[in-house]
Amino acid sequence: MESKVKDLIALITDHGESNISERKPATLYAPRNYMMGLGGKKLRSLLCLLGYELYRSDVESALDLAYAIELFHNFTLVHDDIMDAATTRRGQEAVHIKYDVNSAILTGDVMLIEVYDRLARFDPSPPLLMQRFTQIAREVCEGQSLDMQFETDDAVSIQQYLHMIELKTAVLIGFSLEAGAWLAGAPEKDRQHLYQFGVNAGIAFQLQDDFLDLYGDSDAVGKKVGGDILQGKKTYLYLRAAELLEEPDLVSFLALYKSRDPEKVSKVKRIFDDLYISHYCGEAKRSFFDLAISHMAAVKADEQKKKFLVEFSRGLFERDK
């Protein structure tokens, strides 16, 4: 599996390097090229290729579509970093830090325009792929808006949080598989099941991110343990703890989570441990991934290729970084 994934990533990387924009002015396109050259997991473009490969073997024919999806994902990160006041991205300076905020905003805009230009090359009339992508892009924006809203909203439920991460993260993962299958000529029912597989696997992927922020190894994860707690983010772990605690413990917990206590991370972790929050998080991850597998079982494609896709996705939600 590892060898095949490396080969596909090499294809995607080479394709990306061949798509460096030479357009002017450099103040607009240099930040675009910088962002697209920062690396990353390339998860969504990989899934697009794997969705295509379920039905056809000429995977190079899907590279342009995979690149368009990767371009959209990176556009969202450029703007997210501005909104989150993040200074780094993938271990390097964020675009708005390396250049400036105005350049980053405009570069993100032109990246989105380029996505539509690229997708239009695939889509005959009626433009079904464009319509579907537009729906997904709107949902990603809705998810980001909810994420920002939750920062100041004290009454966030677990269901609301799961809905938010579905929109912000999971729908694009689902679309990546769906779009690859669409390009390969897959039947509509298969595309629907692949989308649902990706959405549910994507939710499990994000829940693992929540888990690793506190319980992962800082060297492996590449960031300080407990960053979500220090920022007061309402993750699945926090929301499950708040749901289980009763007053006065709940009041004390909420006050601690909002505080600047220098021992905040260790104190919150002890509360999570006492409540077996890591166990609850593990159960939630498995339930979403089990649902994903049930959708993959309904897909009418080569069983070995389906198995590869399932095991690749399982590695994402069981990862340690």
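1. Let me start with a lysine worth a look. K285 is buried, yet it has no salt bridge, and the nearest side chain of opposite charge, E318, is 8.3 Å away. Here buried means under 20% relative accessible area, with a 1.4 Å probe and protein chains only. A salt bridge needs a side-chain nitrogen of Lys or Arg within 4 Å of a carboxyl oxygen of Asp or Glu. For charge, Lys and Arg count as positive and Asp and Glu as negative, while His and the chain ends are not counted.

2. Please keep in mind that this is a predicted model, in which local features need pLDDT of at least 70, side-chain atom pairs count only at pLDDT 80 or more, and totals for chains, interfaces and linings use all residues. Residues are numbered from 1 along each chain as its sequence is written, and side-chain values use heavy atoms, with hydrogens and water left out.

3. Back to K285, which sits in helix α15 (residues 277–297); helices are DSSP runs of H or I, at least four residues, numbered from the N terminus. Beyond its neighbours within four places in sequence, K285 is in contact with A204, L207, Q208, F211 and F317, contact being heavy atoms within 4.5 Å.

4. L207 turns up again in the largest nonpolar core: among its 100 residues, L207, F253, F272 and L309 touch the most other members. Helix α8 (residues 158–183) gives the most to this core, with 13 residues. Such a core is a set of buried Ala, Val, Leu, Ile, Met, Phe, Trp, Tyr and Cys residues joined through side-chain atoms within 4.5 Å. Setting aside neighbours within four places in sequence, the contacts of F272 include L214, Y215, I229 and F253.

5. Now the rings. The count comes to 11 aromatic pairs, where rings of Phe, Tyr and Trp (its six-membered ring) pair if their centres lie within 6.5 Å. F72 and F133 form an edge-to-face pair (planes over 60 degrees apart), at 5.0 Å centre to centre and 85 degrees between the planes. This pair links distant parts of the chain, with F72 in helix α4 (residues 63–84) and F133 in helix α7 (residues 128–150), 61 residues apart. Both F72 and F133 are buried. Ring pairs also join F72, F75, Y116, F133 and F175 into a cluster.

6. Finally, N33 in helix α2 (residues 26–36) counts as buried because its relative accessibility is 17%. Leaving aside neighbours within four places in sequence, N33 is in contact with I20 and S21.

Methods. Helix = DSSP H or I, 4+ residues; strand = E, 2+ residues; numbered from the N terminus. Buried < 20%, exposed > 50% of the residue type's maximum accessible area, 1.4 Å probe, protein only. Phe/Tyr/Trp six-rings, centres within 6.5 Å; stacked < 30°, edge-to-face > 60°.
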